[in-house]
Amino acid sequence: AMSSKSSSNEYSKLDDEQVRALSSETPLCQSLEVSSFIEDSASLSEDFTDDEILSGRGEREIIVSMDDAIESIGYGRFQKKVLLAVGLCFAADAMEVMLLSFLSLVLQAEWGLTERQTASITASVFAGQLIGALCLGGLGDRIGRRPTFCLAATIIFVFGVTTSLAKTYETLVAMRFAVGFGVGGASVPFDVLAEFLPNSNRGKNLLYIEYFWTAGTLSVPFLAWLSIGDGISGGSWQFFVILCAIPCLASAILGVIFVPESPRWLLAQGRSVEAMTVLRRAAKENGHDPHDLFPEAMQLEEDDEEESGICDLLAPRWRKISFALWAVFFCYSFAYYGTILAITRVFDDESSSSAQVGGDDTGYNFNYSAILKSSAGEVLGTTLVVMSVDRIGRVASQIFCYVMGGLSVFVFCWYASYENSSGSVLVLLAFLVRAFEMGSSCVTVLSAPELLPTKVRTTGHSVASAMGRLGALLCPFLVAESTPLKTIGTTMLCIHIVTVFSAYQFPETSGLAMGRVKKV
């Protein structure tokens with residue numbers, strides 16, 4: 001019996017009391033059987049890894065990390081359904097921003113607004129996004145990704161539709177501020193998708209969501225042509241804003257149906273059983289046997305990250321990344337949205353000049369064809385980074401696109417300032433500008449959730465987004481009718497130079513687990 005007890009302590013998972021009871025209450029022959037069982041147990045335990053143990057029922061319990069669990073699920077039908085719901089919210093975000101370049105000019109003509117009031121319509125949306133990003137981002141870390149995602153989509157739809165009821169300038173600004181508040185939470189659904197993707201091909205698959213953004217920007221000129229028209233034949237800006245709000249209603253409905261809570265967030269909250277339930281659901285929808293891939297004896301490795309909050313973004317470990325992230329988001333948003341406003345202004349001026357020559361000055365007369373063609377550049381930009389981001393990395397992709405974007409917008413604005421500039425050349429330059437601006441912003445948005453740990457991911461991403469909204473809030477006052485195009489182009493080039501320097505400070509995250517970057 002003493003020999004059996006010694007073997008138990010060294011090799012098996014049976015405790016002292018179990019061995020003592022078995023050895024004292026059984027005859028010698030049975031004691032020999034117990035000793036043989038212990039030796040067999042010790043032999044089996046040698047075959048297990050450090051993350052595998054024997055349960056009390058003799059079953060093998062396996063400890064698996066969340067990254068390995070997501071990797072084993074792979075990319076399939078489940079992620080595509082999440083992509084659809086999240087992508088529609090992204091498309092709505094793009095549409096609510098893109099429509100400002102039309103709506104502000106239409107209302108300036110119809111309501112007789114001053115230049116400052118016109119800029120304030122656009123700025124009100126970005127001011128709402130600034131507040132919404134800070135509020136909804138923190139909410140995503142506290143109550144979960146799923147409810148915050150659905151809340152943001154619902155806010156955008158409700159206030160997007162009620163904008164059409166505005167009869168005064170003040171009411172319209174208030175409604176657009178509320179829309180912006182909802183759009184401020186758009187980083188949360190992006191993080192939801194990121195947390196469901198395997199590390200091996202996360203970059204490429206996460207960037208697919210940008211095609212929804214591009215689809216949103218391409219649809220706005222078409223919807224504007226359909227509803228606003230040329231300002232003569234009974235166009236309706238009210239119908240225009242209602243059409244642009246519809247994708248968010250679809251996103252909210254599909255979010256409730258298709259998007260479960262993030263298993264990474266659940267695990268971070270200590271709710272490992274619920275996290276495993278979500279993983280089994282995802283595995284089943286991707287064609288795996290959920291109980292074969294995640295058997296009952298399998299346990300998720302507990303999240304060992306310390307408790308985090310917004311103040312931790314300024315802790316020594318994350319301070320450099322946080323400052324660089326804020327600077328990049330501020331500059332890229334200023335440049336991206338400023339570029340959209342500048343291109344729309346150039347082609348509105350071009351069409352208005354043509355209309356005035358023909359004796360028909362309506363106050364606005366958009367060159368829809370040119371705006372649509374230039375917007376198509378975003379398809380090229382997104383495709384380029386989808387193909388390159390996992391090959392050359394996140395940092396190199398951003399630096400290349402920001403350098404080319406700065407040079408392109410500089411040349412575009414300077415060339416457009418000349419009276420005899422060719423319309424075809426302007427369209428080509430605008431196409432290139434939109435391509436590089438889209439490519440750079442895609443990779444920047446991709447990098448944010450990869451750089452931050454789970455417990456502070458949506459908060460950190462949303463604070464960065466808030467800095468971006470601040471940049472976007474300021475850009476309408478630069479890209480105003482009274483500002484020379486050469487001044488706009490030179491300012492944009494300087495903004496891009498600062499962005500390149502800031503993006504260079506990022507650690508490379510390609511192929512790494514989310515939030516597992518080296519300390520900087």
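How many disulfides does the count come to?

Guide: The model is predicted: local features need pLDDT of at least 70, side-chain atom pairs count only at pLDDT 80 or more, and totals for chains, interfaces and linings use all residues. Residues are numbered from 1 along each chain as its sequence is written, and side-chain values use heavy atoms, without hydrogens and water.

A disulfide is a pair of cysteine sulfur atoms within 2.5 Å. By this rule the count is zero. Cysteine 401 is in no disulfide.

Now burial. Buried means under 20% relative accessible area, exposed over 50%, and partly exposed in between (1.4 Å probe, protein chains only). Cysteine 401 is buried at 8%. Cysteine 442 is buried too, at 0%.

Next, the charged pairs. A salt bridge is a side-chain nitrogen of Lys or Arg within 4 Å of a carboxyl oxygen of Asp or Glu. The whole structure has 11 of them. One joins aspartate 67 to arginine 264, with the closest N and O atoms 3.0 Å apart. This pair links distant parts of the chain, 197 residues apart: aspartate 67 lies in helix H4 and arginine 264 in helix H13 (residues 263-268). Helices here are DSSP runs (H or I, at least four residues), numbered from the N terminus. Aspartate 67 is buried at 17%, and arginine 264 is buried at 6%.

How values were computed: Helices (H or I, at least four residues) and strands (E, at least two) are DSSP runs, numbered from the N terminus.
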